[in-house]
Amino acid sequence: MDIQTWTFIIVGITFAVYIGIAIWSTASSTSDFYVAGGGVSPFANGMATAADWMSAASFISMAGLISFMGYDGAVYLMGWTGGYVLLALLLAPYLRKFGKFTVPDFIGDRYYSNVARTVAVICAIIVSFTYVAGQMRGVGVVFARFLEVEIETGVYIGMIIVLFYATLGGMKGITYTQVAQYCILIFAFMVPAFFISFQLTGNVIPQLGFGGTVSDGTYLLDKLDGLHKELGFAAYTEGSKSMIDVFCITLALMVGTAGLPHVIVRFFTVAKVKDARISAGWALLLIAILYTTAPAISVFARTNLIQTVSNQEYDSVPEWFTNWEKTGLIAFDDKNADGKIQYVGDVAANELTIDQDIMVLANPEIANLPNWVIALVAAGGLAAALSTAAGLLLVISASISHDLIKKQIKPDISEKGELVWARIGSVIAVVIAGYFGINPPGFVAAVVALAFGLAAASFFPAIILGIFDKRMNKEGAIAGMVIGMLLMLFYMMKFKLGFFGGGDQSGWWFGISPEGFGSVAMLVNFAVSFSLSRLFPAPPEDVQEIVENIRFPRGAGEATHH
Amino acid sequence: MNKQMYWRANIRYLLILLSIWFAVSYGAGILFVDQLNNLRIGGFKLGFWFAQQGSIYVFVILIFVYVRLMNKLDKKHDLDEK
């Protein structure tokens, strides 16, 4: 069977599964809708968190990105896993004990202020929309490549599927579809990795093949370093970013991860404090399977690519090369007109441009794997994009129906009324996300890092101080969040979008890139919050009691009690 | 008193575990990567291995150790959930 038939069959089956789950898990209360009734088992929550977390970018782009960055790719590998240690140790158990529905719930109650709540809602919405636009685009791109439809059509199909299970089932529907999506995406990621690792190094396990030897007996990484030097690239195992920048980017991504509302809210769905801790462990274990395989794939793909195309006759390139040339993801420009492909570090002489996404998407073809594996990768990419999109849409819809309408505009709204608003909220969110998916604003790539920077600069310090510093009051927390967020926005706009006089690398403060600046903004937030809080009165008795209460596990009820 | 002791023990665990978290990622993977790269395990330079593999394994282990420690601590101070 050809690739397209396989893709229709496999993607069709997975979509049928998602819709089936949606019908089976229709939400009947706001508690179902926001936190899946608060009774998800820790392992299922771990799977759902992993799928929620691993986006189209993790699945499709990350391995390719790392293959161009070499050692520097560690910022993503450590940055997007290390945050779970912070989540498990510093946030999840306490927020679960607090036991409400959303992150702005915690900020608003802990800082006894609707101003704080509103600031948190704004942060949550900005962070989530930034993210979700990329996911819808990812759905469109995967459809376009594998089903040969227009990107817009792909986005529409994705919107309909997400709309169906997110609106009907809320968090309950999303949780159980995410469990299914995790299984699909990890299977789809690992199968080609096993094949390629075995082909290249004789070892089936990619994590071991990564450090293994190739057919001529040299170590794979030494071989790749050698190839890189020959072609004039920097050695693969050594980076080109400065140490301070690597440090700050890693920190910003870790702390940003721990501050992302769609991740935090997953820990409200389990029954106990104990479950929240262990499900963070399961989530990271399940994420680590992909994250320790990705850098191995980067090396396999990079080595394969260089060996296949470097200095080859253009007329005799394999079929996949021509296939992907059509999509524009790989381009050849014969600058010296010798009919051969020169892929070299010197920009002026280099004749080949390669999009990072091709590394995972074309990997099975480069390695000559069977057609069903290629179709599986398509289904995996869709699962990764849809699961993350759904999690984000829920945060947006809960922000509207719960944090704005129920908590501020219309506190006497009935349970039913709030549920209706939650559904309306999710429809609005899907439509806006779809719009951005079809008309991606040019700055999407630039603002994805902003999502992490913002989460790091705003939520993370406010939540940590809310738990560990009883004396922290609303004045300190609000000022910290606002100043942290504005500083981050200013730096991003200046160096990414050219506002406020713009500037390039030479103008970076302390040599820190905008991607890493979230670390600095976070420290500023901590400093402002801490010093300002001491100038104003301590929080009221009942708030101090909340803080006392969340520190001890006993008595964690369901997340339904208000 | 009991609650104070529980909280202090909790903070102590956090400090120990987060020091390890910092040491493997920011220490071995970033600050001392060049020095560690002079050592090798199999085909990996050690610093590179910590940055792209080792630190992630340690992160996973840290969370499971934390869960064990805290479950025991909850019981010891009779603060676990019923």
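Author: Helix axes here are lines fitted to C-alpha atoms over the stretch in contact, and angles run from 0 to 180 degrees between N-to-C directions. The model is predicted.

Reader: At roughly what angle do the axes of H13(A) and H3(B) cross?

Author: Helix H13 of chain A covers residues 273-309. Its axis and that of H3(B) come within 9 Å. The crossing angle is roughly 170°.

Reader: Is H13(A) roughly parallel or roughly antiparallel to H3(B)?

Author: Angles over 145 degrees count as roughly antiparallel. The two axes cross at roughly 170°. That makes H13(A) and H3(B) roughly antiparallel.

Reader: How many nonpolar residues are in the contact of H13(A) with H3(B)?

Author: H13(A) contributes residues including A:Ile278, A:Leu284 and A:Leu285. H3(B) contributes, among them, B:Ile56, B:Phe59 and B:Val60. By class, five residues of this contact are polar and two are charged, while the nonpolar ones number 15.

Reader: Which element gives the largest share of the side of chain B that touches chain A?

Author: Across the two chains, 34 residues of chain B are in contact with 41 residues of chain A. Helix H1 (2-31), strand E2 (44-45) and helix H3 (46-76) of chain B each give two or more residues to that side. The largest share is 16 residues, and it comes from H3(B).

Reader: How many residues on that side of chain B are nonpolar?

Author: The side of chain B that touches chain A includes five charged residues.

Reader: Where in chain A is the pLDDT below 50?

Author: Chain A averages a pLDDT of 87, and 97% of its residues score at least 70. Among its elements, confidence is highest in helix H22 (residues 517-533), at 95, and lowest in helix H19 (residues 444-457), at a mean of 75. Where pLDDT is low, the predicted coordinates should not be read in detail. In chain A the pLDDT falls below 50 over residues 558-562.

Reader: What is the radius of gyration of chain A?

Author: Chain A has 23 helices and two strands. For 562 residues the globule rule gives 24 Å, and chain A comes close to that, so it is as compact as a globular protein of that length. Its radius of gyration is 24 Å.

Reader: How many residues of H20(A) are buried?

Author: Helix H20 of chain A spans residues 459-468 and is largely enclosed by the rest of the structure. Its buried residues include A:Phe459, A:Phe460 and A:Pro461.

Reader: Is A:Asn311 buried or exposed?

Author: A:Asn311 sits in the loop between H13 and helix H14 (319-327) of chain A. Its phi is positive, about 60°, although it is not a glycine. A:Asn311 has 12, so it is exposed.

Conventions. Residues are numbered from 1 along each chain as its sequence is written. Chains are lettered from A and ligands numbered from 1 in the order in which they are written. This is a predicted model: local features need pLDDT of at least 70, side-chain atom pairs count only at pLDDT 80 or more; totals for chains, interfaces and linings use all residues. Two residues are in contact if their C-beta atoms, placed from the backbone, lie within 7 Å. Helices (H or I, at least four residues) and strands (E, at least two) are DSSP runs, numbered from the N terminus. Ala, Val, Leu, Ile, Met, Phe, Trp, Tyr, Cys and Pro count as nonpolar, Asp, Glu, Lys and Arg as charged, and the others, Gly among them, as polar. pLDDT is the predictor's confidence in each residue, from 0 to 100. The radius of gyration is taken over C-alpha atoms; the globule rule is 2.2 Å times the number of residues to the power 0.38. Angles under 35 degrees count as roughly parallel, over 145 as roughly antiparallel, 65 to 115 as roughly perpendicular and the rest as oblique. A residue is buried if 20 or more other C-beta atoms lie within 10 Å of its own, exposed if 12 or fewer, and partly exposed in between; C-beta atoms are placed from the backbone.
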